[in-house]
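Have the viewer open as you read.

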Amino acid sequence: MVVGAAIAAAFAVTGCAPAGYGGADYGDAAEPASDNVAATAGATADPAATSAPEADPDATAPPAAADAAPELSEEEATTKLTGTKVARMGKVVTNDEGFVLYRFDNDGNKPAKSNCVGDCAETWPPSLTNDGKPTLKGVDSKLVGTVTRADGSKQLTLKGWPLYTYIGDKKPGNWKGQNVNGTWFVIQPDGAKNLTCLPKVSKPVAPPADDSAGDSGADSGDAGGTGSDYSY
């Protein structure tokens with residue numbers, strides 16, 4: 001039974017990351033999920049995540065900024081979380097615009113803490129919220145919470161894990177952030193990593209160019225850029 005599962009897993013990974021795969025063209029448009037996606041999301045859960053103690057979804061890290069963050073506009077705030085499916089990856093969570101959400105291994109989930117700031121947050125925009133009450137579909141409300149970031153803004157969490165999008169995803173349903181630096185993974189509706197498809201480890205795209213930096217920035221369209229040691 002165990003051997004059979006291992007073979008199936010190996011086939012799934014090989015099928016989604018064929019020889020010569022360069023990390024530039026994977027991810028596809030989202031498909032509707034069944035109504036019971038949240039209940040069945042644990043089928044491909046990360047073993048480490050399922051064996052860990054339950055996280056408090058309402059746990060927050062102490063803010064480092066004294067001033068409260070300004071109110072977010074509708075465009076800036078994440079007001080919807082949807083449990084759905086995408087081709088070759090399966091169960092994912094998407095935001096208002098249909099973009100796939102991720103979790104970061106270097107964050108914490110008990111208590112919730114985001115360690116992605118600066119250039120990291122430019123490449124991996126946090127899913128920010130004004131009230132911590134997004135509209136949910138296919139996601140259990142008991143798993144949704146918030147964490148206060150260093151700048152005082154509030155970021156949505158799922159089972160304690162802060163949520164992010166990836167600027168390398170150019171259209172809804174893409175999941176080009178999967179296994180970037182071996183620390184970023186698509187998140188499932190139950191908060192676990194989705195490991196259905198695990199491409200080889202890749203570098204993140206460069207953060208958006210700073211106009212004041214002149215020609216020293218890397219091309220944000222090339223994975224990893226040049227001359228940089230990315231830690232995110």
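Start with two cysteines: C116 is buried, and C120 is buried too, where buried means under 20% relative accessible area, exposed over 50%, and partly exposed in between, using a 1.4 Å probe and protein chains only. Their sulfur atoms sit 2.0 Å apart and form a disulfide, a term used here for a pair of cysteine sulfur atoms within 2.5 Å. A search of the whole structure turns up one disulfide. The torsion about the S-S bond of C116 and C120 is about -110 degrees, so this disulfide is left-handed.

Before going further, a word on what you're looking at. This is a predicted model, in which local features need pLDDT of at least 70 and side-chain atom pairs count only at pLDDT 80 or more, while totals for chains, interfaces and linings use all residues. Residues are numbered from 1 along each chain as its sequence is written, and side-chain values use heavy atoms, with hydrogens and water left out.

How confident is the predictor? pLDDT, its confidence in each residue on a scale from 0 to 100, averages 76 over the protein, and 62% of the residues score at least 70. Two stretches stay under 50. One is residues 2-14, with three contacts beyond four places in sequence; the other is residues 213-227, with 19 such contacts. Contact here means heavy atoms within 4.5 Å.

Back to the cysteines, and on to what surrounds them. W184 touches both C116 and C120, and its other contacts include Y102, F104, W124, Y164 and Y232. W184 is also one of the residues with the most contacts inside the largest nonpolar core, alongside Y102, W124 and W175. That core has 20 residues; a nonpolar core is a set of buried Ala, Val, Leu, Ile, Met, Phe, Trp, Tyr and Cys residues joined through side-chain atoms within 4.5 Å. The elements giving it two or more residues are β4 (102-104) and β12 (184-186). A second, separate core has eleven residues, among them V93, L158, L163 and I187.

Now pick out F104, which lies in strand β4. F104 is buried, with a relative accessible area of 3%. Beyond its neighbours within four places in sequence, F104 is in contact with C116, W161, Y164, T183, W184, S231 and Y232. Take Y164 from that list: F104 and Y164 are 60 residues apart in sequence, yet 8.4 Å apart in space, C-alpha to C-alpha.

Next, the strands. The protein has four helices and twelve strands, which are DSSP runs numbered from the N terminus (helices H or I, at least four residues; strands E, at least two). Look at β2 (residues 80-86): five of its seven residues are buried, so β2 is largely enclosed by the rest of the structure. Two strands pair if DSSP finds at least two bridges between them. β2 pairs with β8 (residues 135-137) in the parallel sense over three bridges, and L81 has L136 as its bridge partner there. With β3 (residues 90-94), β2 pairs in the antiparallel sense over five bridges, and K85 is partnered by K91. Three residues lie between the strands of the β2 and β3 hairpin, where R88 takes a positive phi near 70 degrees.

Finally, step back to the whole protein. Buried residues make up 44% of its 232 residues. Of the contacts between residues at least 6 apart in sequence, 72% join residues at least 24 apart.

Definitions and conventions
pLDDT = per-residue confidence, 0-100.
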